[in-house]
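Good morning, colleagues. Please have the sequence and the model in view as I speak.

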Amino acid sequence: MAKYTLMKTEGRAKRAQFETVHGTIQTPVFMNVGTIGAIKGAVSTQDLYDIGTQVELSNTYHLHVRPGDKVVKQLGGLHKFMNWERPILTDSGGFQVFSLAKLRKIKEEGVHFQSHIDGHKIFMGPEESMQIQSNLGSTIAMAFDECPSSVADRDYVQKSVERTTRWLARCKTEMARLNSLPDTINKEQLLFGINQGAVYEDIRIGHAKEIAKMDLDGYAVGGLAVGETHEEMYHILDVTVPHLPEDVLISVWQQARSMEPYYIRENPSLYILKLRHLQRLMDIILQVLIHMGRQFRPMVVESVRFQRLFIMQCLE
């Protein structure tokens with residue numbers, strides 16, 4: 001079982017550790033994003049160890065499309081597939097409900113996708129998402145949800161959030177079943193629920209209160225950095241997080257991935273602001289590597305190492 005220990009607070013910033021079956025995570029922490037089990041830009045697993053990466057993040061939808069979650073399971077799970085021994089968090093596929101809006105149709109049972117690779121039909125609901133993530137054997141599985149657009153009208157967002165809550169209950173039930181099976185790779189896989197509600201304060205708070213009752217392993221504030229202003233994003237964090245449990249890990253999800261978990265991918269300067277707004281688990285996507293090439297990798301690696309040490313020292 002996972003263990004969350006709060007070590008220090010300053011305002012709403014938190015310094016904690018999260019013990020998992022694949023190792024202990026010191027928060028706040030950046031999650032390096034390896035969507036399909038590898039970091040773009042010729043960054044190796046050894047590079048991740050060298051820069052002190054604690055958590056790697058991969059995507060359920062994309063790994064299901066290729067090489068296939070059943071293939072990964074046959075190879076021993078995502079950890080062996082990547083040659084990675086530390087914690088892995090897998091996104092549920094819920095963000096693709098937003099990003100592939102032109103290629104999907106949402107129903108109560110789940111989402112019908114048209115593959116962005118070859119157009120073949122894919123169905124993913126809460127149970128399918130949990131089954132795929134169980135096949136991958138990740139440390140933390142995210143609940144299947146819909147990330148509504150920040151500019152969606154209030155009626156749509158309210159109905160979407162209510163459906164996401166129902167999906168979360170189904171995810172929890174399926175996760176418990178999968179963790180009890182004899183051939184499950186990681187029988188201690190953790191489930192994080194995701195708060196949604198676009199920029200509607202009362203919907204966000206109501207949803208946070210509702211999912212907080214479900215006694216999950218952790219929670220995430222999702223649907224951020226998807227079109228709203230920075231001011232709106234910070235305001236949503238300010239009003240939402242106090243209504244989530246204090247004794248579990250909390251993450252910021254969607255375009256921004258961060259851990260104590262707050263999920264943030266955009267401007268690196270926002271990481272420090274995020275910490276001031278209290279969080280803990282962030283995903284950093286080294287997009288610069290894609291554009292600058294392998295010859296600049298040592299510079300980027302040192303930059304990431306410096307950012308991590310600076311943030312940790314600020315919170316000691």
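Let me begin with a convention: a helix axis here is a line fitted to the C-alpha atoms over the stretch in contact, and the angle between two axes runs from 0 to 180 degrees between their N-to-C directions. Please bear in mind throughout that this is a predicted model.

With that convention, consider helix α8, residues 201-212, and helix α9, residues 230-240. Their axes come within 9 Å of each other and cross at roughly 40°. How is α8 oriented to α9? Angles under 35 degrees would count as roughly parallel, and 65 to 115 as roughly perpendicular; α8 is therefore oblique to α9. As for handedness, the crossing of α8 past α9 is right-handed.

The loop that lies between β11, residues 190-195, and α8 contains alanine 198. This residue is not a glycine, yet its phi is positive, at about 55°. Is alanine 198 buried or exposed? Its relative accessible area is 2%, and buried means under 20%, so alanine 198 is buried.

Asparagine 83 belongs to the loop between α4 and β6. Its relative accessibility is 57%, and because the threshold for exposed is over 50%, asparagine 83 counts as exposed.

By the ring-pair criterion, the model has four aromatic pairs. One of them joins tyrosine 49 and tryptophan 84: the ring centres are 4.6 Å apart and the planes lie at 25°, so this pair is stacked, the limit for stacking being under 30 degrees. The two partners come from distant parts of the chain, 35 residues apart, with tyrosine 49 in helix α1 (residues 45-50) and tryptophan 84 in the loop between α4 (78-82) and β6 (88-91). Tyrosine 49, at 22% relative accessibility, counts as partly exposed, whereas tryptophan 84, at 2%, is buried.

Another aromatic pair consists of tyrosine 61 and phenylalanine 113, with 5.3 Å from centre to centre and 50° between the planes, and it is tilted. This pair also links distant parts of the chain: tyrosine 61 sits in helix α2 (residues 60-65) and phenylalanine 113 in strand β8 (residues 110-114), 52 residues apart. Both tyrosine 61 and phenylalanine 113 are buried.

A ring also features in a contact with a charged residue. Arginine 163 lies over the face of tryptophan 167, at 5.6 Å from the ring centre.

I turn now to the backbone at two prolines. The peptide bond from threonine 27 to proline 28 is cis, with omega near 5°. Proline 28 is placed in the loop between β3 (23-27) and β4 (29-33). Arginine 66 and proline 67 are likewise joined by a cis peptide bond, for which omega is about 5°. Where is proline 67 found? Its position is the loop between α2 and α3 (69-74).

Finally, the cysteines. How many disulfides does the model contain? The criterion is a pair of cysteine sulfur atoms within 2.5 Å, and the count by that rule is zero. Cysteine 147 is buried, with a relative accessible area of 2%. Cysteine 171 is buried as well, with a value of 0%.

Thank you for your attention.

Conventions
Residues numbered from 1 in each chain as written. Predicted model: local features only at pLDDT ≥ 70, side-chain atom pairs only at ≥ 80, totals over all residues. Heavy atoms only, no water. Buried < 20%, exposed > 50% of the residue type's maximum accessible area, 1.4 Å probe, protein only. Phe/Tyr/Trp six-rings, centres within 6.5 Å; stacked < 30°, edge-to-face > 60°. Helix = DSSP H or I, 4+ residues; strand = E, 2+ residues; numbered from the N terminus. Lys NZ or Arg CZ within 6 Å of the ring centre and 35° of its normal. Parallel < 35°, antiparallel > 145°, perpendicular 65-115°, else oblique. Left-handed = near helix turned anticlockwise from the far one by under 90°.
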